[in-house]
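Subject: Handover of the model

Hello,

I am passing this structure on to you. Please open it first, then read the notes below.

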Amino acid sequence: MSNVLKCEHLRVVFGGLAAVSDFNIEVEENQIAGLIGPNGAGKTTVFNLLTGVYTPTSGVVTLCDKDLAGMSTIQRSHAGIARTFQNIRLFKDMSVIDNVINSFNYRMKYTIPEAMLRLPRYWKEEKAARERALELLGVFNMQDLAEVNAGNLPYGAQRRLEIVRALATNPKLLLLDEPAAGMNPAETTALMETIGKIRDNFHIAILLIEHDMSLVMGICEQITVLNFGEVIAQGTPEQIQNNPVVIEAYLGKDRD
């Protein structure tokens, strides 16, 4: 398999402090990878580097062998990186389906005058976007909620809607930032099934940050562990679970 994401010697310094130092990772096609570590380890900073929120001090990020240097957040989104956030970011006063359609806007081919005058191309594009949005919602059994206000959805459904919106951008790489945050065990189990369905149905690479170790160990094929901005371990779930350096980072070191 070829790499979708590759980071080489990624580093970012804020005020003389290296928030991330010598970060390396490869995520392959159709792979579910995890990025874990204690609070403050630099995980979200890595996501901000990948999406162009932060500019690295040094290092290279490539998406499907394309160097992302100099690309803005919007350009990286168009190139194929989609992201969800720790705090849900939906248009809560808009319907579920309008939240999804909103993600198609940059691909709409009609002009502003065509939209204002409601010309045929406007209606054609809007109809296609609605059909595609319903199709995506159907994958996650949310089509019956299409006209419900997003803010009225249960928490777990809001999380799923945020993922649907990310998928609407047609990504090559999906970044999930603590998707199980605030979920109960039943919702977390359903989320694991959802993530597996995304990989199987959409054939994209997924990189997730998560503190719920049952989710990480249950679904990730490759895990990278950060501590104080540095990679301290990489491997399969079994290798990570039994790595003494990882155990020490999470639990501390016993005193003799």
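Does T45 count as buried or exposed? T45 counts as buried, because its relative accessibility is 16%. The cut-offs are these: buried is under 20% relative accessible area, exposed is over 50%, and partly exposed is in between, with a 1.4 Å probe and protein chains only.

Some ground rules. This is a predicted model, in which local features need pLDDT of at least 70 and side-chain atom pairs count only at pLDDT 80 or more, while totals for chains, interfaces and linings use all residues. Residues are numbered from 1 along each chain as its sequence is written, and side-chain values use heavy atoms, with hydrogens and water left out.

**Helix α1**

T45 is found in helix α1. Helices (H or I, at least four residues) and strands (E, at least two) are DSSP runs, numbered from the N terminus. T45 touches V12, F14, A19, V20 and Y54, leaving aside residues up to four places away in sequence. Contact here means heavy atoms within 4.5 Å. Helix α1 covers residues 43-51, and eight of its nine residues are buried, so the helix is largely enclosed by the rest of the structure. The buried ones are K43, T45, V46, F47, N48, L49, L50 and T51. Just after α1 comes G52, with a positive phi of about 90°.

**Domains**

The domain assignment of the chain gives domain 1 (1-80 + 174-256) and domain 2 (90-170). Such bounds come from an automatic or database domain assignment. The two centres, taken over C-alpha atoms, are 28 Å apart. In contact across the two domains are 17 residues of domain 1 and 13 residues of domain 2.

**Cores**

In soluble globular proteins, nonpolar side chains tend to be buried together. A nonpolar core is a set of buried Ala, Val, Leu, Ile, Met, Phe, Trp, Tyr and Cys residues joined through side-chain atoms within 4.5 Å. The largest one has 45 residues. V100, L137, L161, L174 and L208 have the most contacts inside it. Helix α6 (residues 155-167) gives the largest share of this core, six residues. Domain 1 and domain 2 each supply at least three residues to this core.

Take L174 as a case. L174 touches A82, I163, A166, L167, I198, I204, A205, I206 and L207, again leaving aside residues up to four places away in sequence. A second, separate core has 28 residues, including V46, L63, I81 and L226.

**Pockets**

The search used a 1 Å grid over the protein atoms alone: a cavity is a set of points where a 1.4 Å probe fits but cannot get out, a pocket is an open set with protein on both sides within 12 Å along at least five of seven lines, and lining residues have an atom within 4 Å of a point. Grid points are joined across faces, edges and corners, and a volume is the space filled by probe spheres set on the points.

Where does the largest pocket lie? It lies between domain 1 and domain 2, because both give residues to its lining. The space in the largest pocket is about 610 Å³. Its lining has 22 residues, with S77, R83, S103, R165 and T169 nearest the centre. Two or more lining residues come from each of α2 (73-79), β6 (81-83) and α6. Helix α2 gives the largest share, five residues. By class, the lining has nine nonpolar, eight polar and five charged residues. Ala, Val, Leu, Ile, Met, Phe, Trp, Tyr, Cys and Pro count as nonpolar, Asp, Glu, Lys and Arg as charged, and the others, Gly among them, as polar.

The second largest pocket holds about 160 Å³ of space. Of its 13 lining residues, P56, L68, A69, G70 and R76 lie nearest the centre. Strand β4 (residues 58-63) gives the largest share of this lining, three residues. The classes here are seven nonpolar, four polar and two charged.

**Single residues**

Most residues other than glycine have a negative phi. H9, not a glycine, has a positive phi of about 55°. H9 sits in strand β1 (residues 3-14). N30, also not a glycine, has a positive phi of about 60°. N30 lies in the loop between β2 (17-28) and β3 (32-36). With a relative accessible area of 25%, N30 is partly exposed.

Best wishes
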